[in-house]
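User: I want to see how the labels on this model follow from the numbers. Please set each value against its cut-off.

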Number of protein chains: 2
Amino acid sequence: MFSKATEYALRATIYIARKSSEENKLGIEEIAKAINSPKSFTAKILQKLTANNGIISSVRGPGGGFYLSSKAQKRPVRDILHVMEEDGVLGKCVLGLKKCSEAMPCPMHAEYKGIKQQLIQLFEHTTIQQLAHDADKIIPLNKPARH
Amino acid sequence: MFSKATEYALRATIYIARKSSEENKLGIEEIAKAINSPKSFTAKILQKLTANNGIISSVRGPGGGFYLSSKAQKRPVRDILHVMEEDGVLGKCVLGLKKCSEAMPCPMHAEYKGIKQQLIQLFEHTTIQQLAHDADKIIPLNKPARH
DNA sequence: ATAATTAAGGACAAAAATATCCTTTATTTT
DNA sequence: AAAATAAAGGATATTTTTGTCCTTAATTAT
């Protein structure tokens, strides 16, 4: 469904949401290991997600790393797709027609329509935080101890 | 959702289903033009779909071309995906985890599960013929006159 | 100030997907 | 039999995606 880059973006963001805070940032080494992705490639992706006040926050230098602000936690998962320039796939025609619409439907349009709507809804209404919480309920992560 | 190759495969197969018969075969030139795809690349894809008594039938030489047997018409759309080695995407984990399952769910598993099932059902239960008929109802094609 | 740490960014490499071209093979028509 | 037609198949080119490596910039600790 999505490119590897976007899969890594989703996995990384959710992992950061689960384990980091402004007081406890995560390094690229740990993140890539945890989500099982190539380190340097993942670094590029996090750069994208961090750029111009993006979804992920980052700080350089010792004690630095990546974290998610509580504001960012509340953003819909779709925002990650948008940064990765793949939010288009959600609304895209299954047969790849550029002009597929209600007025000019492709042969699969009627059959696929409902699923497409659910997909868009899912990514629009689900927040990063929700996924992080859901995941925590099932497989708790070692979170940093509070001071 | 699918690769270009698979999109072309779906479009081509549906077009052939709509316009061809054993008595009236279609050439690669016409098919590629009709579905707006690169000719030689599409030829490769049709080769795949034709190989070892596959979905599409073909005959070489004058009067030859591609067509769909009435038996092939009744096959599920999923068979096309299978030949293109992309039926995996239907059941795949959204986050790209290889071991995502009920027992070891990814953070999106619960949310995506229902959509995934619908997707599989759609491609499994919809036949090529159904799509061809649906499409004909909306935008009729110039079909060859019967003798 | 200097050294150490960590993300940012540029350049490059490898692999996969997409696309084209040319030759060969099968079939029909002349 | 020869010529013409149309798919099959091989070789190669182009583009995109994925991945690596090295240098630069920012920040902190010594």
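Analyst: Start with B:Thr50. Its relative accessible area is 17%, so B:Thr50 is buried. Buried means under 20% relative accessible area, exposed over 50%, and partly exposed in between, with a 1.4 Å probe and protein chains only.

User: What are the ground rules for these values?

Analyst: This is a predicted model: local features need pLDDT of at least 70, side-chain atom pairs count only at pLDDT 80 or more, and totals for chains, interfaces and linings use all residues. Residues are numbered from 1 along each chain as its sequence is written, chains are lettered from A and ligands numbered from 1 in the order in which they are written, and side-chain values use heavy atoms, with hydrogens and water left out.

User: Where does B:Thr50 lie, and what does its side chain reach?

Analyst: B:Thr50 lies in helix α3 of chain B. Helices are DSSP runs (H or I, at least four residues), numbered from the N terminus. The side chain of B:Thr50 reaches the backbone oxygen of B:Leu46 at 2.5 Å. A polar contact is a pair of N or O atoms within 3.5 Å; within protein, one must be able to donate a hydrogen and the other to accept it, and residues adjacent in sequence count only if both atoms are side-chain atoms.

User: Which residues is B:Thr50 in contact with, leaving aside neighbours within four places in sequence?

Analyst: They are B:Ile56, B:Ser57, B:Ser58 and B:Phe66. Contact means heavy atoms within 4.5 Å.

User: What makes the pair of A:Tyr8 and A:Phe41 edge-to-face?

Analyst: The search of the whole structure finds four aromatic pairs over all chains. In this one, the ring centres are 5.9 Å apart and the planes stand at 85°, so the pair is edge-to-face. Rings of Phe, Tyr and Trp (its six-membered ring) pair if their centres lie within 6.5 Å; planes under 30 degrees apart count as stacked, over 60 as edge-to-face and the rest as tilted. A:Tyr8 sits in helix α1 (residues 4-19) and A:Phe41 in helix α3 (residues 39-50) of chain A, 33 residues apart.

User: Why are α1(A) and α3(A) called roughly perpendicular?

Analyst: Two packed helices are described by the angle between their axes and the distance between the axes. The axes of α1(A) and α3(A) come within 10 Å and cross at roughly 70°. That makes α1(A) roughly perpendicular to α3(A). Angles under 35 degrees count as roughly parallel, over 145 as roughly antiparallel, 65 to 115 as roughly perpendicular and the rest as oblique. Axes are lines fitted to C-alpha atoms, for helices over the stretch in contact, and angles run from 0 to 180 degrees between N-to-C directions.

User: Which residues of α1(A) and α3(A) meet?

Analyst: A:Ala5, A:Tyr8, A:Ala9, A:Ala12, A:Thr13 and A:Ile16 in α1(A) meet A:Phe41, A:Ile45, A:Leu46 and A:Leu49 in α3(A).

User: How do you know that B:Phe2 is buried?

Analyst: The relative accessible area of B:Phe2 is 7%, so the buried label applies. B:Phe2 lies in the segment before α1 of chain B. Beyond four places in sequence, B:Phe2 touches residues including A:Lys92, A:Val94, B:Leu81 and B:Phe123.

How values were computed: Helices (H or I, at least four residues) and strands (E, at least two) are DSSP runs, numbered from the N terminus.
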